[in-house]
Structures are given as C-alpha cells and as structure tokens.
Amino acid sequence: MQKILTLRICGDGFKKLVTEGCSHRYREAKPFWESRLFEKDGTPKKFDVVHIVNGYKGTSPTAVMEYRGILGIEEFNGKECFKLGLGKILEIKNYTL
C-alpha cells in the first residue's frame with residue numbers, strides 16, 4: 001500500500017503547478033508539519049507519492065506527483081519552511097485545462 005503525503009494549495013497555485021510544473025513546495029517548519037514529515041525519533045517519514053489537492057471535497061482537483069523527500073529548511077515568504085522535493089506529475093484527477 002502506498003504512503004501518501006497530502007498537500008493542499010489554492011486554485012491559482014494548482015493551475016500553475018499543472019501548466020508549468022513545480023520541483024518543490026514549502027511548508028512552515030512548525031510542530032504541525034514536523035509531526036507529519038518526521039518520525040518520533042527525528043528521521044524523515046518515507047512517502048511514495050504526494051497528492052496536491054485544490055480543496056477539501058473528494059472531487060477536488062488533485063495532482064499525484066513523485067515525492068523526492070525533504071530538501072532542507074529555507075526561508076520562504078519570511079518564514080522558516082521545509083522544502084519538499086517533487087518529481088514528475090504521475091496523474092491529474094478532476095481537472096480540465
């Protein structure tokens with residue numbers, strides 16, 4: 001069974017991701033994301049794919065992408081963030097250009 005990391009993004013961000021591609025996403029380095037990205041012993045969790053979703057419904061547009069791991073911590077929009085590596089888009093669900 002695949003381990004899936006789910007990330008939510010806004011409509012404009014999703015459209016840009018689908019049309020232009022993206023090699024990474026940022027998530028703020030706070031306890032909420034630490035608990036989702038790391039095991040209790042501090043090692044990174046292993047995920048098979050990333051589901052990037054625009055919305056919260058079961059029918060929301062979703063891009064299934066390769067997961068490349070945590071690339072480090074960087075400042076993004078004035079905040080310390082985890083930089084998550086993304087590979088190619090494997091599938092796009094519930095979305096038309």
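## Cysteines

A residue counts as buried when its relative accessible area is under 20%, and in this predicted model Cys81, with a relative accessible area of 5%, is therefore buried. Cys22, by contrast, is partly exposed, its relative accessible area being 23%.

A search of the whole structure finds zero disulfides. For Cys22, the closest cysteine sulfur belongs to Cys10 and lies 12 Å away, which is too far for a bond. Cys81 is likewise in no disulfide, since the nearest cysteine sulfur, that of Cys22, is 13 Å from its own.

## Aromatic pairs

The count of aromatic pairs comes to five. One of them joins Phe14 and Tyr95 in an edge-to-face arrangement, with 5.1 Å from centre to centre and 75° between the planes. This pair links distant parts of the chain, as Phe14 belongs to helix α1 (residues 11–20) and Tyr95 to the segment after β5 (79–93), 81 residues apart. Phe14 is buried at 1% relative accessibility, whereas Tyr95 is partly exposed, with a relative accessible area of 25%.

Tyr26 and Phe76 form a stacked pair, because their ring centres are 4.2 Å apart and their planes stand at 10°. Here too distant parts of the chain are linked, with Tyr26 in strand β2 (residues 24–28) and Phe76 in strand β4 (residues 62–76), 50 residues apart. Tyr26 counts as buried at 15% relative accessibility, while Phe76 is partly exposed at a relative accessible area of 35%.

## Charges over rings

Lys3 lies over the face of Phe47, at 5.5 Å from the ring centre. Arg36 lies over the face of Phe32, and its distance from that ring centre is 3.7 Å.

Notes:
Residues are numbered from 1 along each chain as its sequence is written. This is a predicted model: local features need pLDDT of at least 70, side-chain atom pairs count only at pLDDT 80 or more; totals for chains, interfaces and linings use all residues. Side-chain values use heavy atoms; hydrogens and water are left out. A disulfide is a pair of cysteine sulfur atoms within 2.5 Å. Buried means under 20% relative accessible area, exposed over 50%, partly exposed in between (1.4 Å probe, protein chains only). Rings of Phe, Tyr and Trp (its six-membered ring) pair if their centres lie within 6.5 Å; planes under 30 degrees apart count as stacked, over 60 as edge-to-face and the rest as tilted. Helices (H or I, at least four residues) and strands (E, at least two) are DSSP runs, numbered from the N terminus. A charge sits over a ring if NZ of Lys or CZ of Arg is within 6 Å of the ring centre and within 35 degrees of the ring normal.
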